[in-house]
Every structure is written in structure tokens, then in C-alpha cells.
Amino acid sequence: MMNFQGIFWMSVVTLMAFFEGFSQTEAFNIYSNARMATIFYDAKGNSLDSISANLLADDIERTTGHRPEVKPVVKKVSGHAILIGTINSSFIQKHFYKKTSKHFLLQKESYVLQLSKDKKRLIIAGTDPRGTAYGVFNISKKIGVNPWYWWADVPVVKKNKLEIDIDTSYSKEPSVAYRGIFLNDEDWGLQPWAANTFEPETGDIGPKTYAKLFELLLRLNANTIWPAMHPSTKAFFHYAGNPEMAKKYHIVVGSSHAEPMLRNNVDEWDEKQLGSFNYRTNKERVYNYWETRVKESKNMDAIYTIGMRGVHDSGMEGVENKQEAITVLNNVITDQRLLLEKYINKDISSVPQAFTLYKEVLDLYKNGLEIPDDITLVWTDDNYGYIRALGDAKEHKRTGGGGVYYHASYWGRPHDYLWLSTTSPSLIREEMMKAYDLDDKEIWILNVGDIKPAEYNTQLFMDMAYDAEKFKDAAYLEKHQQGFYADVFGAEVAKKIVDIRKIYYQLAFERKPEFMGWSQTEPTTSIHQTAYNPLVNGDEIKQRTVAYEMIENRADEIEERLPENLKSTYFQLVKYPIQASANMNKKFLYRDKALTYAGQFRKSASTYKERSNKAYKNIVALTGQYNQLTTGKWSGIMDMKPRNLPVFDNPEINIPDIYYKQLTGIAVEDTLKTAEGIDKLPNFYINNADAYFIDVYLKAANHAKWQFSKLPAWLRVSKTSGELAQELLEDRMYVSIDWDAWRKSGKPLSGIIHIEMHGMQKEIQVNVSASFTDIPKHSIIEKNGMAVIYAKSYTKNIPFKNSMWHEIKGLGHSKTVMQSMPFDKTPKAKPEKNAILEYELYAETLSNNAELAIVALPTHPLTTDGQVRIAVQWNDEPSEIINFKTAGRSETWKKNVLSNKALKKIVVPIKHKGKQKLKIYGIDPGVSLDYFILKTNSKELPYKLMQETTND
């Protein structure tokens, strides 16, 4: 039986269909044969109507080369026209002929597009000023003006005739009430660019720059700004034109977690004049400081940050423990709200207020700090994309609701990522949709740093905030990416771009380019060798550099085929981030090869040193090119060394000039040896297509010939002989097995490869494991002491009542994670009361203390009192509960966010060879499993995820 709520919403939909009718598309001619529609806006309306009308005229001129006349309407409209205004204005009502439902009229920031009865007028009417503006910019998109036309130089296609299809369409209300960006860490890009290139008359980020930013926000259907606030930038209110510009564009002004009451403490709190920023000892001056700003902002559309931290991103001054901090904060919040009641609105619940649960403030909240019900609780990520907590059932009943402050750029420990925008779109979607599903959707703010090169992630975030329902299915993300690039480059090119961008984000998920020095900051440490090993797992360094070279080359190929007018845009949106990231990786990975090979006394070590140095020079050249784009428009916007951290330098590579006395060398993959000291390759497994490498290289010699001799008939090598010289200091051969020939040879389990080189001879042993001859194809098996299973490769996925495991494609190191659902499920500590993922694998090594590594995304509990638990059962052993939860900024958390892995290890016994069973019970919601590794040897776990160890 249908419940009352279902009947109610069916009635609403029916009424809307009755009043609004079915869509009927008709053409509206904006420009043709020198005839241009006139744009009219309400002379009695608001400032944004006028701004939107003129920006639309500019867009039409960009498209046709002719600018329409823009007129404020005083009395009447004449001729072919576009009418812009709010839906309840008398101006619009005179021309509006279709009834509109009350349901629509109650929507915020919504718009209707309608043709007049005589088809001579296009009506763009909003339920409020921003709704009207969104409708106007919807038309701009229809005529081919991209929201990033200015900020990414997206060209507009010229047209001799401009005609668009219009149906009477009603927009939805935005999914999130306040949607916007935080300009942050602007010291190396946005501020110097504005000060020296775009707005030298101000010498700072001023009203001219903010006007361009506010226009972008409106074109992205956003409405909120947290202004730039670093020491390099004057406070937003320092320049009277900034708040005035926000009023004109109807942009909501807020401030960050550390800036109560719209104040910029870094610039505006003068400790010499005002004393300490301490509410216990200096209350009067702090209170007056806030009061002055509240008075100034009386007529602004604003969100007031409530509470108090230190002057900048630090804890509150003058308190010695949590209880003191809570007591002071209670007084602070009471006084701040009295100021808002006095100067803004006696009905305090109607004043937008935000309390951001950032860093130590979240801990205070957990320990009893009570926040008035009408204040929005803004939850935060951990600065690396993983939301620390969200509202629980009780918090969701608060009238102020909840929101999220999320980072796409960050300065701080364990390491900054201010340079390139590499946060996985899949991670952004997963975390923000989690917030949406849990009803934390009052305020969404994205820390975009300098905006560039975070264009796509900014677009993604704003599109989710505007229409979240589309993104509930993870598969929609790829469609969104395709659409973003297709709007700029066309569908065919977009597909190619998305293909390489997916690899770009995946490589960065494994390790961000800014983290490749394996260094940290706060305190800043020197660089180290990476965890990628060129001697194992098929040469982890080569695999990563080849992947980057592939997307570099594809990026070049796409660029070569683009028309000249798209190349600046392409460089900004695609080429620079890909090639800069690639060269950052090569800089460190080639350094590692140089140092590792120097340890083997290879002459080629010097070659890799040169390649590392060249990669650094490439970054310099690429950045110089960026700052010269569009005839110098972007001069100063891109800095390749934010904060001048060690990771950005050209690294030192010390290689000894004198090499080992031996003339040549031979090395095998994994550098394994038999008990007798003979080199051996890793084991081969029957019917597997695995191949392992053998390297030959020069040490002291300048020239050497080499060849394989007495090669068993069932072995295949990629090359049987060769010659090394100055032009080729090393060579690599791959060894595999011809399984048909192996069977014909009697199925030998071992063989010897003989290699001769420059007078030396070497034997290399090859072994074949016969452990898994009678098991099903595609089974997971232990290979050379490790079995690798991806979480998606379960044999059974068994729900239990309201508990289930859900697959999210495109996320994690394995590209698909299994997430414990639903988010509102009640955790059951008894494993058997939860959904189960069941896995099978085959072991060949008996062991009482094998190690099972379970890797998940480093997510946090869904609520402040939650956990991140699963239960693990190995065969018939008792189940073991493990918890991925981390504390604060612990060393474990630092390691987790730098690698995007939360790793737990348990000891498991392998009492019999063959089939083993692994069960994973989902206790807490939100746990996102990535992969598992069973290890029976003493080797370290690889940093780079290996391929699944199957018997294919």
C-alpha cells in the first residue's frame, strides 16, 4: 500500500504537470540577417539583472560579432526581445502567459525559460536574482559560451545566425543551499598574477579580479565565496570595491574556519595595537573588532563564521585544556549571536551562520561543546579528501543543517599539494555524495587554491552541489568528464582526453606528484628515495615512467591535431598538468634508478642522472610557457615551486666517477639466488604468461657482446644476443615459457639459462611450480610467496538484512572498491550479523605465521563517535575485528593520506596447501575495501599495487 508521503508527492507532480504543461520545443531567433533581438531588464529590479543582461549581450557579441542593445524597461517592451527579470516582478508578469505552480515559486535560485505567445520574446525569469542569472547563463551555454571562456580561454564558435531551441522549462532547486569556493594559499599564483598582471592598479586581488571570479561562480551555478586571506593579500573588506562587487553580483560572502564574523585576522588583527587575540584577557577589543565588521556587513548577503580559533590556522589562544576552550567558546558564541541579533536581524535563526568543525575544533565538539540549533555545522575533510565525520541522526534534525568544507588544494602537514590539481574525481564524488546522502547539504565549500589548474574539479564540485541526484550513480562521473571536455574540444577529442585524464588521476592517486620526494613538511624534511623499486615486480619504476610517457605522448598527439585557437585552452586544461606531473615523477624515478644502478656499478647510472636533470628543466620550460599563454594574460599565475619545498628542486644525484673493477654485469629480476648461490628468476606457474627480466650492462668496459647459449627448447627470450656500447650501456631481455613446448619436453620443473658476456659466463636457474594444475581458471593463487586479490574479485557477496557491500567503480588503487552500506545502518559488533564478502585463493606454502594485509581507503568514521571496523575470518579460524580508524595527525594517518591506503596486517595460519577461504564482514558503514595481499615470504609489501595473481 502506498504511504501518505508517496500520495502527496504524486499529487505535487500531477499539479506541476497541469500548470506547467508538457515541454514543446520551438526556435527563437536571436540574430540573423543583421536583425538582433534587444535585451530588456527590469529598471526597478536588482543589480544582478542588469549585470546578467549585459553579460548575455557580451556573449552574443562573442558569438556573432554584433552586440545587442541592452535596455532597462521603464514602461513597455517593443519588438523582438529577450526579457530578463524575477518572476514576481510586474515587468515579467505582463509577458508571462503560462501559469506556474506554487511549488516552483517557492523554490530558491530557480528559473523558467518561456517564449511569449507570439514567439517574439524569450522570457528568462528567476524566483530570485540568482535564479534569473542562472537562467541567463543557461542561455549563454546554449549559444556556445563556456563558463570557462575567460578563466581558461575557451574560444567561442562564431555564427552568422544565432537561433536556439526553447521549450518552457523549469529548473530544479539547487541540491545544496550555499555552494562556492575558498581562495586559499594564493601567495604563488592568484595574488601575484592579480597584483602584477591583471589588476596592477590595485596591486592585489581587488574588485576587478573578484568581478571575474563572481561571474565564474554564477556561470557555474554557484553562489558563495570565502575570499583570499593569506598574508600576501589584503583583507576582502580592505578594498571597499570588493564587498560592493559582491553585492552587485549577489554573491554570498563567508569566511574560513579561522575567520569569525567576516574578519581576516591575518591582515586585520594588529597585535601591537590591539593586544593578544585572546577572549579571556582581551575580550573588549576582540568584541569591538567583531562588532565593527558586523555593522559594515549589515546589508550584505553573508554567512557568518561563528566561534574562535587562533589568528590564523591555529588553536585558540589563552586556553590550557579542552574544558577551558569549551567554556570560552560558549561565551564567544553567545556574544557573537547577540551582535547578529542587534545589527543584522532580531530573528537570529534567519541569519546564516556556520560553525566549521576543523582540526582541534572537531575534538572540542566531540567533547561536549554545544552549538545552537540554527547554526550550520560545517564538517571538513582531513585536508586530503577524506571527510573526518558527518552528522548523525540527531544532528540531522538541527534546523541549521550540515555542510562540508573540502580540499582540492592544501598547505600543511604531512605535505602540501598546491601545485597541480590531482585529487581523484572519483574520490570527490564518493565523499561528497556521502555527505549528500547523509543530508549534510546546507553549505558546500571547495578549497581551490589558485583556481588554476583545478578547473575540472571545481566544475565537478559545483555541478554536484547544484544537481547531486545525477551523481548518485558512480558511472555518471565519466559522462560528466566527457561533457566537460566535449563542450570545449568536441566529442571525439573529449573521449581521448578523458582516457588520458583517467590515467593521470589514477597515477596521482597512487602518489601525488608533490609527494614524490618522500619528504614531509611542518617540519620540512629532505627528499628520500621513493618506494618504487627498479629491480622487482617487473621494474616498478619503468612501469610508472612508461605510463606517464604514454599519456604525455597522447597529449602531444591530441595537441598537434587541434586548431590554433584551442591550443592555449588545451595547454591549461590538459597538457600542462599531465606533462608537469609526468616530469615531476621522472625527476625522482630516474634519480632512484641512477642511485640504484650506481650501487650495481652500472655505467648507465649517469644516463638516468641526466634524464632526471632534464625532467626538471622540462618543468621549468613548461611553467614558463604557461605564464606566456594568451599573449601574457596569465603571466605569474603558475609557480612550479609553491613554498619552495625541497620536492620542487633539481635533486642532488651523487654518482662515483670510478666504477667497479669488473667490466660487465648481469642482474636478474628480484635479484634472487638459489641455496648454492646461483642466480634464479622468480618461479613460473603453469599456463601463465608471466615474463621476468634479465639485465646485461657495462661497468668498466666500453664495449661488450653477449649471447644466450644452451637455451632449453621450452624457454622463450625476447632477444638471444646483442652488443653493448656507448650508445647502449645496458639491455634487457624478458624470459617466458612456451607451455606447449614445455609439455612436449616432458614437463620439466627446472632448467638452466647459460649466458656469455665479454669472457664471463653465468648460469641462471629457471623453476616451474606445479602446485596448481587442477584448479579452475581465473583462480587467485600464491605466486612466489604472495597472493594478490582485489576487493571486487569476491566469490560471494552475501547481504544480511539491512547490511550490504556495494561496488564503486573507478575508485581505489584497484579501480573498484567495495563499500559497506547503507550509511545509516546500525553497526553490529557480532560479525555474523553483517554482510559478508567471501574470497577464495590457493596457497602453495605451509606457514604458521603468514601475513594477510588488508588495504582500504583511509576513510574516517561516518559520525563523531563512529568506527571503521570490519571482521576478518581466515578459513575456520575465529574472526578478528580490525579498525582502520586513525587518531588526529598521527604517523599512521600521515602515511595513509600520502599513499591513499589504510593498511592493516594480521597473522594467519596456512595449515594445508590448496584452497583457502577469506571472509570479510562489514561492521561499520562507509568502510571501502581496495585489495588484499597474502604473504608467505620475508619480502616487503610492494608500494605499487601488483596485478592480481591468477592462474590465467
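How far apart are the mean positions of the positive and negative charges of the protein? In this predicted model, the mean positions of the 122 positive and 117 negative charges are 3 Å apart. With that value in mind, the description can proceed from the whole chain to single residues.

The protein has 952 residues, and for that number a compact globule would have a radius of gyration near 30 Å. The radius of gyration of the protein is 31 Å, which agrees with this expectation. Along its principal axes, the C-alpha trace extends over about 100 × 70 × 65 Å. The chain forms 23 helices and 40 strands. Of the 952 residues, 61% count as buried. The protein exposes about 38300 Å², and carbon and sulfur atoms supply 49% of this area. Contacts along the chain may also be considered. Among contacts between residues at least 6 apart in sequence, 75% join residues at least 24 apart.

Helix α17 comprises residues 491-510, which makes 20 residues. From its first C-alpha to its last, α17 reaches 29 Å, close to the 28 Å expected at 1.5 Å a residue. Several residues of α17 are buried, among them Ala-494, Ile-497, Val-498 and Ile-500.

Ser-140 is found in helix α5. Because its relative accessibility is 0%, under the 20% cut-off, Ser-140 counts as buried. Leaving aside its neighbours within four places in sequence, Ser-140 is in contact with Leu-56, Asp-59, Val-145 and Arg-219.

The loop between α5 (129-142) and β8 (162-166) contains Val-157, and Asp-153 is found in that loop as well. Is each of these residues buried or exposed? Val-157 has a relative accessible area of 58%, which is over 50%, so Val-157 is exposed. Asp-153 has a relative accessible area of 12%, which is under 20%, and therefore Asp-153 is buried. Asp-153 also has a positive phi of about 55°, although it is not a glycine. Val-157 and Gly-677 are 520 residues apart along the chain, and their C-alpha atoms are separated by 70 Å.

A positive phi is found at Met-261 too, where the value is near 55° in a residue other than glycine. Met-261 lies in the loop between β12 (252-253) and α9 (265-268). Its relative accessibility is 0%, and Met-261 therefore counts as buried.

The peptide bond from Arg-413 to Pro-414 is cis, with omega near 0°. Pro-523 is located in the loop between α17 and α18.

Key: Residues numbered from 1 in each chain as written. Predicted model: local features only at pLDDT ≥ 70, side-chain atom pairs only at ≥ 80, totals over all residues. Heavy atoms only, no water. Helix = DSSP H or I, 4+ residues; strand = E, 2+ residues; numbered from the N terminus. Rg over C-alpha atoms; globule rule 2.2 N^0.38 Å. Buried < 20%, exposed > 50% of the residue type's maximum accessible area, 1.4 Å probe, protein only. Contact = heavy atoms within 4.5 Å. Areas by Shrake-Rupley, 256 points an atom, 1.4 Å probe, with all protein chains shown as cover. Lys, Arg positive; Asp, Glu negative; His and termini not counted. Charge placed at Lys NZ, Arg CZ, Asp CG, Glu CD. Expected span 1.5 Å × (residues − 1).
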